[in-house]
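Here is a guided walk through a structure. Keep the sequence and the 3D view open as you read.

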Amino acid sequence: MSREGSKAAVGSLVHVGIAAKYNFLNYFRARRFYVMLAIILIIAGLLTALVGYYRPPGFVDGGALGFYGAGWGSFASIVVVLSAAFFGGDAISGEFQNRTGYFLVPNPIRRSAIYVGKWLAALTASTIILAVFALAMLANGLFYFPGNVPWEFVESFAFAWVYLVAAMSLAFAFSSLFKSSSISVLMSVILLLFVFSVIDTVSSLVAGIEPWFSLTYGAGIVSNILNVPYPAAKTVTPFGPGGRFTVVSYNATVPEGLLILLVYLVVMAVLGLVLFERKEFTS
Amino acid sequence: MPPSIEARQLTKRYGQFTALSGLDLSIQGAKCVGFLGPNGAGKTTTMKILTGLIRATKGTALINGVDVASDKKAALASCATLIETPEIYPALTPKEALSMLCEIRGVPRQDKNKRIDDALARVKMSEWADKKVGGFSKGMKQRVNVASTLLSDPEVIILDEPSSGLDPRGMSEVRDIVTSLRDRLVFMSSHLLAEVTEVCQEVAMIDHGKLLVYDTIENVTAKFAGGGGAAEVGFAGNVDEQLRVRVSKLPGVTSTTKSNDRHLIVKYDTAVLTQDKLLESVAGLKAGAITFSQASGLEDAYLSLIKETL
């Protein structure tokens, strides 16, 4: 009954590429890619129009670095969070809720290859979105400050991309944890946009503890790098009558920030993969 | 050579509920094996374990001698599957979705397009090959799913109710396809006993997670169908109670059951009556009998083995 020669053994790395290719094709053709692109273009368009009309001092009076800090630095993290949640939030849970996993999983392919392939596809789609936003900011920057692209902007873009990779891992972990696509997307957005920020604030302002365990604290390097000089690692600001009270704020240094992002990337990627490996297709 | 499909003490529990209870099943050779049982009997659970969609709580599932739980990739290397009614990425076309599976299964590049075209032609989906799946009906998607099992010339094909969601023509076409695949092992679950009788040589029956019988359809029928013969008689008009009683009273007839508005299943004692004599007797009633066919004993066997449906 052997049917040798009709097919060849396929390596897992090739399987990763196949899963990535077709998932990216699905993303690229789907409405969500264009919705996300439209959101980014609207944000970039609004920034362009508002800066062009009102010429806010924060944008145009602080030199090229100030411009990129106020534009890119303020919005890059939001773009990262939305992209990670949009493309990664339901990447795995969708396989269960939409039953597409029944088409893909019962094949001679490891679940890990599917997971990594989908992760790469989501990361590619998100990187395109982030790059479009960066290009829009760059075009604006070159309009106001021709020929002046600060190196810090390039660094900030690189840090934003690392943040995107880490945020994608977190979104994939949530996606593997939940079977409902909407819950996993919502949890990713809420956690990345609000919960981590609250943790950062409570930890530093209330408890006086450096929030080294927070992803968004690490991601602070995306905007901090656009400040010259780089913000101090710890700032104590007295307030109240006679300066009796103090407010402590922390800023991750670049190595600290990169380390936090890297740890999240690895831990969340492994956690998500383990969850996906163990998750059952029960309906 | 190891059995193509083997379940060793396969057990699956969901909390307190036991879906499979120490299932032992060993199937080898090129043939079609029907997998029958009531809802909740454990058919789909067995197939999901065999295809790596879920894990067994205890026991081992092997395909071509390879443990699915420890190496799904190797176990399914020469296996095509259709479990429940899968969805396909909506933004892909059938051609692209099948191309993905061809690449995963290692179909040579030079053969890929021909295999896809042939598979889509067999399920009558050629003209939809380049349209996005997202706009397809459930039946059209299931046709593409059936096509997906034909791509890589597999040694083992596992089909979980492949006719699900198809119209009568689609069901008939799937039966023809499965019949044409009997040069390999096809393991197919179905609730349609007529379908199983038509396309399968062997049958495995399962209930409450336990295997009740695995044998050829002839042996199962002979052992469990209660003996005697059975025929299905079709009438031009509706079968009323009066007509049923008239047929029941024919010499040698042991029981009659309406299978639908215009058909009766007539069981008869083969020691008293032959099929041709029964046909003559029914025609002699001049009650508008227009069709006569031998009925499968599989239903009887099924009903005698499986006493209740969940």
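Which side chain makes a polar contact with the side chain of B:Glu96? The partner is the side chain of A:Arg29, at 2.4 Å. A polar contact is a pair of N or O atoms within 3.5 Å; within protein, one must be able to donate a hydrogen and the other to accept it, and residues adjacent in sequence count only if both atoms are side-chain atoms.

Some ground rules come next. This is a predicted model, in which local features need pLDDT of at least 70 and side-chain atom pairs count only at pLDDT 80 or more, while totals for chains, interfaces and linings use all residues. Residues are numbered from 1 along each chain as its sequence is written, chains are lettered from A and ligands numbered from 1 in the order in which they are written, and side-chain values use heavy atoms, with hydrogens and water left out.

Back to B:Glu96. This residue sits in helix α3 of chain B, residues 94-105. Helices (H or I, at least four residues) and strands (E, at least two) are DSSP runs, numbered from the N terminus. B:Glu96 counts as buried because its relative accessibility is 18%. The cut-offs are under 20% relative accessible area for buried, over 50% for exposed, and partly exposed in between (1.4 Å probe, protein chains only). Contact, in what follows, means heavy atoms within 4.5 Å. Leaving aside neighbours within four places in sequence, B:Glu96 is in contact with A:Tyr22, A:Leu25, A:Arg29 and B:Ala91.

Now turn to the nonpolar interior. In soluble globular proteins, nonpolar side chains tend to be buried together. A nonpolar core here is a set of buried Ala, Val, Leu, Ile, Met, Phe, Trp, Tyr and Cys residues joined through side-chain atoms within 4.5 Å. The largest such core has 165 residues. A:Trp72, A:Tyr163 and B:Met205 have the most contacts inside it. Helix α8 of chain A (residues 111-144) gives the most to this core, with 15 residues. From chain B, the core draws at least three residues from each of domain 1 and domain 2. Apart from it lies another core, of 15 residues, including B:Leu243, B:Val247, B:Leu250 and B:Val266.

Not counting residues up to four places away in sequence, A:Trp72 touches A:Phe67, A:Leu130, A:Phe133 and A:Phe153, among others. Take A:Phe153 next. A:Phe153 lies in helix α9 of chain A, residues 151-177. Its relative accessible area is 6%, so A:Phe153 is buried. A:Phe153 and A:Trp72 are 81 residues apart in sequence, yet 8.3 Å apart in space, C-alpha to C-alpha.

Chain B has domain 1 (5-223) and domain 2 (225-305). These bounds come from an automatic or database domain assignment. The centres of the two domains, taken over C-alpha atoms, are separated by 34 Å. Across the boundary, 14 residues of domain 1 are in contact with 8 residues of domain 2.

Strands come next. Two strands pair if DSSP finds at least two bridges between them. In chain B, β1 (residues 5-14) and β2 (residues 17-27) pair in the antiparallel sense over 7 bridges. B:Ile5 stands opposite B:Ile27 in β2(B). The two strands form a hairpin with 2 residues between them, and B:Gly15 in the turn has a positive phi of about 60°.

Chain B also holds an open sheet of 4 strands, in the order β12-β13-β11-β14, with antiparallel pairing. Its edge strands are β12 (253-260) and β14 (289-294). β12(B) is joined to β13(B) (residues 263-268) by 6 bridges. B:Lys258 stands opposite B:Leu264 in β13(B). Helix α10 of chain B (residues 275-284) packs on the sheet, touching β11, β12, β13 and β14, and its direction makes about 165° with that of β14(B). Axes are lines fitted to C-alpha atoms, for helices over the stretch in contact, and angles run from 0 to 180 degrees between N-to-C directions.

Finally, the backbone. Most residues other than glycine have a negative phi, and most peptide bonds are trans. B:Gln9, in strand β1 of chain B, has a positive phi of about 50°. The peptide bond from A:Val228 to A:Pro229 is cis, with omega near 0°.
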